[in-house]
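Work through the exercises below with the structure at hand. Each task is followed by a stepwise solution.

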Amino acid sequence: MNKDHKVLYSGMQATGNLTLGNYLGALKNWVSLADEYECYYGVMDLHSLTVRQDPAEFRKRARALLTLYIAAGIDPEKNCLYLQSSVPCHAELAWILDCFTYMGELSRMTQFKDKSAKHADNVNAGLFTYPVLMAADILLYQTDVVPVGQDQLQHLEITRDIAQRFNSIYGDVFAIPEPYIGKVGAKIMSLQDPSKKMSKSDENPNASIYLMDDPDTIRRKCKRAITDSEATIAYRDEQPGLKNLFDIYCTCTGKSSDEAVAEFQGQGYGQLKEAVGEAVVGILKPMQDRMAEIAADKSYLDRVIKENAERAYYSANKTLRKVKKKIGLTEMPR
Ligand code: TRP
């Protein structure tokens with residue numbers, strides 16, 4: 001990691017089955033950011049506790065997500081890839097920041113409103129203070145930029161508000177993070193309803209390609225993708241299903257939409273769907289194989305988890321100590 005670079009922070013939750021949308025829209029783009037930024041990527045396992053988890057399954061998934069980061073090409077020597085729960089500073093700073101965050105601003109978070117409606121039987125306090133933990137994640141590393149999707153922008157906004165509020169009382173303790181604007185990933189839509197984003201929580205399994213789907217499943221899902229009855233090969237908003245297929249094809253192959261449209265001109269949708277299936281298999285299959293390889297070497301993964309957590313802790317603790325000192329908590333006597 002280059003400590004002279006600006007700091008970039010992002011992360012994903014280890015719950016649900018990640019989809020092709022998560023890969024093409026986020027992960028894939030994280031790979032090359034290490035050339036320009038000092039990058040931290042967390043497996044946000046503490047955030048996942050807002051929903052009840054099966055312990056054994058949860059432990060496996062957290063490790064699997066870290067493995068996926070590596071298999072996707074994010075080098076754990078050049079980036080800091082770690083489990084959020086391995087660095088106790090996150091929970092500690094979150095509590096402190098809770099005391100600088102208002103009930104009113106948290107109740108306005110759209111994700112809180114959506115999730116509490118969806119899980120009406122478990123509206124726990126963690127769900128409510130979720131954005132504060134996220135603020136702690138970001139602020140601990142003196143983060144300059146955060147690549148996040150549209151759905152997380154409000155959380156980044158509240159992070160900035162909390163940081164500014166704290167800084168205005170205690171001086172410049174936190175860097176104020178900005179949303180990352182650079183090459184953004186492709187926005188991949190549902191294969192069954194191209195007006196919706198491809199989502200890991202879609203109840204229709206044909207709507208999403210999961211990163212762990214086997215090649216035949218991937219081909220079948222592509223074949224069943226919803227298109228239209230116009231029977232013309234074009235890349236335009238009026239044919240959203242087709243457009244989505246082209247987006248997938250182009251992101252996987254690196255071709256432009258013009259090139260792809262020219263390539264399939266005069267052919268049927270069936271041929272395009274087949275080619276999309278092959279392109280996706282061509283990306284996902286090698287990644288799955290790499291995951292299996294990495295997972296088979298337990299001592300390697302253990303070492304990555306440990307070394308990266310130590311590096312993360314070192315940076316995070318620097319900020320946390322400064323915070324504690326500023327607000328008047330007693331330092332451990334030497
Ligand atoms: N809330 C984010 C999501 O669900 C995950 C997340 C937690 C995150 N902490 C973060 C993303 C810090 C970016 C930075 O997608």
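The model is predicted, so local features need pLDDT of at least 70 and side-chain atom pairs pLDDT 80 or more, while totals for chains, interfaces and linings use all residues. Residues are numbered from 1 along each chain as its sequence is written, and side-chain values use heavy atoms, without hydrogens and water.

**Exercise 1.** Find which residues line the largest cavity, and sort them by class.

Step 1. A cavity is a set of points on a 1 Å grid over the protein atoms alone where a 1.4 Å probe fits but cannot get out; lining residues have an atom within 4 Å of a point.
Step 2. By class, five are nonpolar, two polar and one charged.

**Exercise 2.** Describe the interface of domain 1 and domain 2.

Step 1. The domain assignment, automatic or from a database, gives domain 1 (6-185 + 298-327) and domain 2 (215-292).
Step 2. Nine residues from domain 1 and nine from domain 2 make the contact (heavy atoms within 4.5 Å).
Step 3. The buried area (accessible area, 1.4 Å probe, lost on being put together, summed over both parts) is about 810 Å², and carbon and sulfur atoms give 83% of it.
Step 4. On the domain 1 side, L20, L24 and A71 lose the most area to domain 2, together 54% of what that side buries.

Conventions. 1 Å grid on protein atoms, 1.4 Å probe; cavity = no way out; pocket = protein on both sides within 12 Å on 5 of 7 lines; lining within 4 Å. Nonpolar A, V, L, I, M, F, W, Y, C, P; charged D, E, K, R; others polar. Buried area = accessible area lost by both parts, 1.4 Å probe.
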